[in-house]
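Student: I have a new model open on my screen and would like to talk it through. Could we start with the charges and then move on to the fold and the aromatic rings?

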Amino acid sequence: MSLPLRTRVFGVLERAASSPVEEVRDFPARRASRLKLQRSAVGRWLFGTADPSVATTERTVEVAGRRCRMLVHRPGGAGPLPLVLNLHGGGWVQGNPEQSAWFASRVAAATGAVVVSPDYRLAPEDPFPAQLEDAEAVLRWLVEQASDLGIDAGRVAVMGDSAGGGLAATIALLARDAGGPSLRAQVLVYPGVEAYERWPSEDEFAEAAVLTSRNMRAFVRLYLGDSYGTDDWRASPIRAASHADLPPAFVVVADHDPLADNGRRYADVLRSDGVEVELVEYPAFHGFVSLPGVSPPATDAVRDVARFLRRHLA
């Protein structure tokens with residue numbers, strides 16, 4: 001299926017205007033420039049803004065000895081409310097809670113759940129497994145603080161996009177192995193679940209907008225750092241010994257995405273181990289739920305994810 005015109009135009013402009021990650025040497029400057037764009041008028045149109053029907057607040061708390069900044073998207077209604085932990089994308093080296101505020105806040109509005117989007121340490125300054133440690137610690141902190149936060153510790157889901165989708169998948173596995181926190185659902189939005197293998201979608205869309213094959217390879221090397229080549233399944237959650245007894249999964253695939261086969265194959269692995277899976281493909285490129293200004297299918301993804309979460313967090 002072809003992409004909408006505005007999406008195709010954006011793809012051309014994006015590639016002309018930004019340096020690929022493999023050429024970046026100053027990552028703090030890259031992140032600051034990206035945040036400046038997000039806060040500009042063009043950025044607000046491109047990335048969208050939080051849903052005004054929910055209360056979006058910023059909090060900074062101490063979690064496992066680290067100052068963690070998070071955006072909390074809280075809908076109206078009497079608590080305790082379900083919780084969705086949302087992990088942003090960015091190839092483990094960039095990104096922030098703001099970039100997914102449009103999507104996360106609309107999921108909150110449509111589900112009646114509190115959606116919490118934390119930051120986490122980024123590579124190359126803090127390579128694998130720092131990102132996982134931070135995400136796991138935040139999940140445990142939120143569940144432990146449930147009564148103070150007005151959330152229901154028995155109705156919890158994890159969600160993430162791209163690198164954050166891979167983190168969410170891994171957190172679900174770790175929670176299962178540790179005997180908790182108990183999760184009702186996982187939402188994996190074009191997740192990165194395999195660090196090394198090259199699958200057909202990567203070749204088909206090697207020069208796609210937003211994410212290229214070269215970008216993918218650079219992100220993984222930056223993320224793993226000196227651990228590159230590791231067989232630790234946490235770097236590639238599709239390689240876990242078993243995927244049995246995981247919570248139901250909703251997998252979002254963008255059909256013009258080099259990572260598309262990551263989502264498709266992970267869905268197959270989950271199904272083969274008896275996990276309930278719903279996979280939906282959208283006519284979009286990588287990153288589309290964070291770019292509603294140029295990607296109309298982002299609204300469809302909100303609707304579909306919310307429907308899935310309402311059913312499993314009821």
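Student: How far apart are the mean positions of the positive and negative charges of the chain?

Tutor: Bearing in mind that this is a predicted model, the mean positions of the 34 positive and 39 negative charges lie 5 Å apart.

Student: OK, and the fold: how many helices and strands are in the chain?

Tutor: The chain has eleven helices and eight strands. Its radius of gyration is 18 Å, close to the 20 Å that the globule rule gives for 314 residues, so the chain is as compact as a globular protein of that length.

Student: What share of the residues is buried?

Tutor: Buried residues account for 58% of the 314, and the chain exposes about 12,500 Å², of which carbon and sulfur atoms supply 51%.

Student: Switching to aromatics, how many pairs does the structure hold?

Tutor: There are six aromatic pairs, and one of them joins phenylalanine 128 and tyrosine 223 edge-to-face, at 5.6 Å centre to centre with 80° between the planes. Phenylalanine 128 sits in the loop between strand S4 and helix H5, while tyrosine 223 belongs to helix H9, so the pair ties together parts that are 95 residues apart in sequence.

Student: Are those two buried or exposed?

Tutor: Both phenylalanine 128 and tyrosine 223 are buried, and together with Trp92 they form one aromatic cluster.

Student: And tyrosine 196 with tyrosine 228, what is the geometry there?

Tutor: That pair is edge-to-face as well, with 5.4 Å centre to centre and 85° between the planes. Tyrosine 196 is partly exposed, at a relative accessible area of 21%, and tyrosine 228 is partly exposed at 32%.

Notes. Residues are numbered from 1 along each chain as its sequence is written. This is a predicted model: local features need pLDDT of at least 70, side-chain atom pairs count only at pLDDT 80 or more; totals for chains, interfaces and linings use all residues. Side-chain values use heavy atoms; hydrogens and water are left out. Helices (H or I, at least four residues) and strands (E, at least two) are DSSP runs, numbered from the N terminus. The radius of gyration is taken over C-alpha atoms; the globule rule is 2.2 Å times the number of residues to the power 0.38. Buried means under 20% relative accessible area, exposed over 50%, partly exposed in between (1.4 Å probe, protein chains only). Accessible areas come from the Shrake-Rupley method with a 1.4 Å probe; for residues, only the protein chains shown count as cover. Lys and Arg count as positive and Asp and Glu as negative; His and the chain ends are not counted. The place of a charge is taken as NZ of Lys, CZ of Arg, CG of Asp or CD of Glu. Rings of Phe, Tyr and Trp (its six-membered ring) pair if their centres lie within 6.5 Å; planes under 30 degrees apart count as stacked, over 60 as edge-to-face and the rest as tilted.
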